[in-house]
Amino acid sequence: MANVTFSAPTLEKDVTVYAVAGDNKTLLGVAKQNNIAIPCQCQDGECGSCLIKVTILDDRAPHGIHLTDKEKLTLSVNGKMTKAQLDNTETNDMPPPYRLACQYIVRDENILVEFSGEPGVE
Ligand code: FES
């Protein structure tokens, strides 16, 4: 289980939901299931409209994860992943703070998810 807290100007207040880690549901899927509207268009990692900022709330180090090539490319071309963050992702599997909700698989981590409600704007 993981606590996922969504925070956005479009929400009356922050919303925390429990997500089942390991069921392969994306963060976008968790948001939809809980009637939280994160902008999304392609739902396939290509448009960048579902941009979010993720903060790990646990004291332990973040879990390593392998980002898809699509997500790395979309974040890079939209200026949301620096070369150093790309290197850290590819070398150490350490995720950057900006992610795509349609590509983010929820894991056993408590996270804060911030988004603006505007497509592609964090
Ligand atoms: Fe297009 Fe996520 S909805 S990248």
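## A walk around the chain

Start by selecting Leu73: its relative accessibility is 55%, so Leu73 counts as exposed (exposed is over 50% relative accessible area, buried under 20%, partly exposed in between, with a 1.4 Å probe and protein chains only). You'll find Leu73 in helix 2, residues 69–77.

Before moving on, know that this is a predicted model, where local features need pLDDT of at least 70, side-chain atom pairs count only at pLDDT 80 or more, and totals for chains, interfaces and linings use all residues. Residues are numbered from 1 along each chain as its sequence is written, and side-chain values use heavy atoms, with hydrogens and water left out.

Leu73 and Cys42 sit 31 residues apart in sequence, and their C-alpha atoms are 15 Å apart in space.

Now switch to a cartoon view. Look for five strands and three helices, in the order β-β-α-β-α-α-β-β from the N terminus. Helices (H or I, at least four residues) and strands (E, at least two) are DSSP runs, numbered from the N terminus.

Then pick Lys80 and Tyr98. Lys80 lies over the face of Tyr98, 5.3 Å from the ring centre; the cut-offs here are NZ of Lys or CZ of Arg within 6 Å of the ring centre and within 35 degrees of the ring normal.

Finally, zoom out to the whole chain. Its C-alpha atoms fill a box of roughly 35 × 30 × 20 Å along the principal axes. Of the 122 residues, 41% are buried.
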